[in-house]
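Trainee: I have just opened this entry and would like to talk it through. Could we begin with the chains and then turn to the domains?

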Amino acid sequence: MRVVSVSGARGSGKTSLIRELTARLSMKGKSAAVIVNEQGDAVYEQAFIQAHELQVRTIRGG
Amino acid sequence: MGCSLASSLVDLKKELKRSHDPDFLFIEPSEMVVTQELRDVTAMGLRDIRYDIGPFITLVDGPLFEFLWSERRTLLLGQVKDADLVAVSRADSIDAGELNIIRQTLDRYSSNLIALSIRNGDGLAEVVKRACGEV
């Protein structure tokens, strides 16, 4: 397991980049998980999670 | 990042490692976390489980840069300084002159700065390569 972090201000594209990376990994048969320190709405919708067999965990606060 | 939050992050990391052992685990921290703090927390857990660490990528919102530099400079630099890769995101929404100002401003804090646009794909291949290797 390799741990990769993507930091930045809200709206900077963290989720978009991670979605792009996990989708590419999924297409290559690599598995991925995400830990989100969420402050707002859920950002990984169920269809995306299922399509890419993504594990998503959320931490509140931060 | 508070102690309980750091502890939750470590616990989740262990749980995911033990239950799924994914090839990649992405951490998407809140906007207030600086990179060194994240490095410290990411290393916690190595006592119990084995995993590789990095890279630490920081996205600098291109269109928001002026505000971030003016109002949140300490936080911005805390995220930029210790990052392995800094990507100026939404680069398609700023012009070459603005991008150049961002490069010149951050140049002394990071030698690994690229322009990124998820929308048109600019810089994406480099970020993918740095984050995930040759996938």
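Predicted model: local features only at pLDDT ≥ 70, side-chain atom pairs only at ≥ 80, totals over all residues.

Trainee: How many residues of chain B are in contact with chain A?

Mentor: On the chain B side there are 48, and they are in contact with 38 residues of chain A.

Trainee: Which elements of chain B give two or more residues to that side?

Mentor: They are α1 (3-19), β1 (24-28), α2 (35-43), β2 (52-61) and α6 (124-132) of chain B. The most comes from β2(B), which gives ten residues.

Trainee: And what is that side made of, by class?

Mentor: The side of chain B that touches chain A has 30 nonpolar residues, together with nine polar and nine charged ones.

Trainee: Which strand of chain A pairs with β1(B), and in what sense?

Mentor: Strand β2 of chain A, residues 32-38, pairs with β1(B) in the parallel sense, over five bridges. Within β1(B), B:L25 is the bridge partner of A:A33.

Trainee: Changing topic, where are the domains of chain B?

Mentor: The domain assignment places domain 1 at 1-53 and domain 2 at 54-135. Their C-alpha centres lie 23 Å apart.

Trainee: How many residues are in contact between these two domains of chain B?

Mentor: Eight residues of domain 1 are in contact with ten residues of domain 2. On the domain 1 side, α2(B) gives the largest share, with four residues. By class, that side has five nonpolar residues, two polar and one charged.

Terms used. Residues numbered from 1 in each chain as written. Chains lettered and ligands numbered in written order. Contact = placed C-beta atoms within 7 Å. Nonpolar A, V, L, I, M, F, W, Y, C, P; charged D, E, K, R; others polar. Pairing = 2+ DSSP bridges. Domains from an automatic or database assignment.
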